[in-house]
Amino acid sequence: MSKIRKTYVLKLYVAGKTANSVRALKTLKDILEQEFKGVYALKVIDVLKNPQLAEEDKILATPTLSKILPPPVRKIIGDLSDRERVLIGLDLLYEELVEQESLEE
């Protein structure tokens, strides 16, 4: 029986191709491919090219990862190098802990 998984809709706001932006994108793609393969949509928004999008979404710093779906909307600011923090921000780590507990019972 296959387990139904949530679909994640994410936006990554970056400012050009700075070292932090490139690192955040690479780290995020690694996490998404390991943990969310096939169940995510990622849109990368360069705030230098699309400042109105950043303003509409109230983005004050880059890089910022915004999880749109599933609710609630969450934002993570920084280069995303702390994998555990990213997973907690995306509500995945909590789900893994709940699943582990139910398997142990």
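## Largest pocket

Helix 1 and strand 2 each contribute at least two residues to the lining of the largest pocket, in a predicted model whose local features need pLDDT of at least 70 and whose side-chain atom pairs count only at pLDDT 80 or more, while totals for chains, interfaces and linings use all residues. Residues are numbered from 1 along each chain as its sequence is written, and side-chain values use heavy atoms, with hydrogens and water left out. Helices (DSSP H or I, at least four residues) and strands (E, at least two) are numbered from the N terminus.

The lining consists of Val14, Gly16, Lys17, Ser21, Val22, Leu25, Val44, Asp46 and Lys49. Helix 1 gives the largest share, 3 residues. By class, the lining holds 4 nonpolar, 2 polar and 3 charged residues (Ala, Val, Leu, Ile, Met, Phe, Trp, Tyr, Cys and Pro count as nonpolar, Asp, Glu, Lys and Arg as charged, the others, Gly among them, as polar). The space in this pocket is about 180 Å³, a volume being that filled by probe spheres set on grid points joined across faces, edges and corners. On a 1 Å grid over the protein atoms alone, a pocket is an open set of points where a 1.4 Å probe fits, with protein on both sides within 12 Å along at least five of seven lines; lining residues have an atom within 4 Å of a point.

## Helix 1

## Aromatic pair

There is 1 aromatic pair (rings of Phe, Tyr and Trp, the last by its six-membered ring, with centres within 6.5 Å; planes under 30 degrees apart are stacked, over 60 edge-to-face, the rest tilted). The ring centres of Tyr8 and Phe36 are 4.4 Å apart and the planes stand at 75°, so the pair is edge-to-face. It links distant parts of the chain, 28 residues apart: Tyr8 belongs to strand 1 (residues 8-14), and Phe36 to the loop between helix 1 and strand 2 (40-46). Tyr8 and Phe36 are both buried.

## Overall fold

The chain contains 4 helices and 4 strands, in the order β-α-β-α-β-β-α-α from the N terminus. Of its 105 residues, 34% are buried.

Technical notes:
Buried means under 20% relative accessible area, exposed over 50%, partly exposed in between (1.4 Å probe, protein chains only).
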